[in-house]
Amino acid sequence: MAWRSVGANNADLIRQLRDYGVIATEAVASAMIATDRKYYCPRNPYMDAPQPIGGGVTISAPHMHAFALEYLREKLKPGAHVLDVGSGSGYLTACFYRFIKAKGENANTRVVGIEHQKALVELSRENLNSDDRSMLESGNMMIVEGDGRKGHAALGPYDAIHVGAAAPDTPTELINQLANGGRLIVPVGPERGTQYMQQYDKDANGKVEMTRLMGVMYVPLTDLRS
């Protein structure tokens, strides 16, 4: 099973995820191969399991990042605006950036990671610069400090939104920041209760449809006081 795999290195981990069928497309594999987890995960970077990154926060297992990229890939195009809520160490934000850049350069592309812990905001920027300084220097990617539950309206609306922690119920504010034609994927459900990864698609007329993707187990989406 994919979540029991351990890679000898980053490329080997991604190969295993492809072999297990978690990664279905070459574009997703390429973005994940280009983004070495060693820059973003100090412990066991090539183990397919959540790992601590500090501040009581974990980085999700690689197979969940792969699922996120696969579910959002048709929305990740040059010129797209993408929001990564609870961006943590910056890993998936970097994958989104590289996925889009591989399709073409566009000055309007915006990949935004939002994190409410100042220490993690600073850590993620350091991680991204250790990986490749040109990502943040491009102006197409940024990490901002804020309450991700409220999104980041300043750079919306978004063609794709990913949430890396569980919302207790339907995340209305994030749905409001979806562009027409956009997609949001978010774990929904109570802490230590039944949670599902849910996909919200907003059509050209603004109508929203929800699809339940799979059962998951995530830490809750919080602010600094909770």
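Biologist: Which residue forms a salt bridge with Arg98?
Modeller: This is a predicted model, where local features need pLDDT of at least 70, side-chain atom pairs count only at pLDDT 80 or more, and totals for chains, interfaces and linings use all residues. Residues are numbered from 1 along each chain as its sequence is written, and side-chain values use heavy atoms, leaving out hydrogens and water. A salt bridge puts a side-chain nitrogen of Lys or Arg within 4 Å of a carboxyl oxygen of Asp or Glu. Here the closest N and O atoms are 2.9 Å apart, and the partner is Asp131.

Biologist: How many residues apart in sequence are the parts that Arg98 and Asp131 tie together?
Modeller: Helices (H or I, at least four residues) and strands (E, at least two) are DSSP runs, numbered from the N terminus. Arg98 sits in helix H4 (residues 91-103) and Asp131 in helix H5, so the parts tied together are apart in sequence by 33 residues.

Biologist: Are Arg98 and Asp131 buried or exposed?
Modeller: Buried means under 20% relative accessible area, exposed over 50%, partly exposed in between (1.4 Å probe, protein chains only). Both Arg98 and Asp131 are buried.

Biologist: At about what angle does helix H5 run to E5?
Modeller: Helix H5 (residues 118-132) lies across E4 and E5; contact means heavy atoms within 4.5 Å. Axes are lines fitted to C-alpha atoms, for helices over the stretch in contact, and angles run from 0 to 180 degrees between N-to-C directions. H5 runs to E5 at about 165°.

Biologist: In E5, which residue is the bridge partner of Gly113?
Modeller: Two strands pair if DSSP finds at least two bridges between them. Strand E4 (residues 110-115) pairs with E5 in the parallel sense, over five bridges. For Gly113, the partner in E5 is Ile143.

Biologist: Which residues join Arg183 in one salt-bridge network?
Modeller: Asp201 and Arg183 form a salt bridge, with their closest N and O atoms 2.6 Å apart. The pair links strand E8 (residues 195-202) to strand E7 (residues 178-188), 18 residues apart. Through shared partners, Arg183 is joined with Glu74, Lys75 and Asp201.
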